[in-house]
Amino acid sequence: MYKKKQDAKPQVISYERVKSYMLWLIERYGDYSTKKLLQKANLLFKDDTQFNQPALDYLIERDIVNDLRYAQRLTMSFSEKNIGPNKIKEKLYAKGFSSQVINECVSTIETTDEDYFDKALTLKIRKFGEEPIEDLKLKQKALRHLISKGFSYAIASKAVSYSEDNY
């Protein structure tokens with residue numbers, strides 16, 4: 001059916017090839033964390049990984065790859081989507097950022113507990129309505145939903161039992 005390329009020579013792994021692959025990934029798909037970029041390079045060039053770290057160091061040196069800048073941008077994006085601080089930390093950790101970078105980014109979010117309460121209340125109203133929830137099963141469901149979105153138990157509980165006349 002299809003002819004196999006048996007004449008294809010295996011390409012030589014070189015520093016320039018690894019560097020150009022990393023640049024291609026960044027140009028094509030946007031920013032990457034250093035950990036994810038190194039994982040992708042190690043996956044493609046698994047036969048000889050000696051050039052992966054030097055190529056990554058070159059990109060970091062030139063400020064093409066900057067974990068802190070990328071993490072801050074993601075943090076602001078997640079914050080605008082009504083996601084709580086715990087969920088933001090979880091998502092940043094999944095992207096491969098160090099805990100130092102994650103803590104620095106989350107601490108730069110200029111929000112107070114009231115801001116998080118407003119976000120949690122918005123999510124609660126959107127899914128469960130404006131009235132305070134009295135039914136135990138529905139209350140537990142609402143709490144689980146808000147906690148899964150990254151809000152603390154205290155804020156989620158306050159949002160679930162919130163009513164206009166109490167506050």
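Helices, of at least four residues, are taken here as DSSP runs of H or I and are numbered from the N terminus. In this predicted model, K40 lies in helix α2, and the residue is partly exposed, with a relative accessible area of 34%.

K40 is one of the residues that form a positive surface patch, the others being K35, K36, K81, K91, K95, R126, K127, K141, R144 and K149. Two or more residues of this patch are supplied by each of the helices α2 (34-44), α5 (85-95), α7 (113-128) and α8 (136-148), and the largest share, amounting to three residues, comes from α2.

In the loop between α4 (67-80) and α5 is found N82, which has a relative accessible area of 17% and is therefore classed as buried, the limit for that class being under 20%. When neighbours within four places in sequence are left aside, the contacts of N82 are with K119, T122, L123, R126 and F151; among these, R126 is also listed as a member of the positive patch.

With residues up to four places away in sequence not counted, F51 touches I13, S14, Y15 and V18. For the pair formed by F51 and I13, which are 38 residues apart along the chain, the separation of the C-alpha atoms is 8.1 Å.

Key. Residues numbered from 1 in each chain as written. Predicted model: local features only at pLDDT ≥ 70, side-chain atom pairs only at ≥ 80, totals over all residues. Heavy atoms only, no water. Patch = residues over 30% accessible without salt bridge, like charges linked within 9 Å, V, L, I, M, F, W, Y side chains within 5 Å. Areas by Shrake-Rupley, 256 points an atom, 1.4 Å probe, with all protein chains shown as cover. Salt bridge = Lys/Arg side-chain N within 4 Å of Asp/Glu carboxyl O. Lys, Arg positive; Asp, Glu negative; His and termini not counted. Charge placed at Lys NZ, Arg CZ, Asp CG, Glu CD. Buried < 20%, exposed > 50% of the residue type's maximum accessible area, 1.4 Å probe, protein only. Contact = heavy atoms within 4.5 Å.
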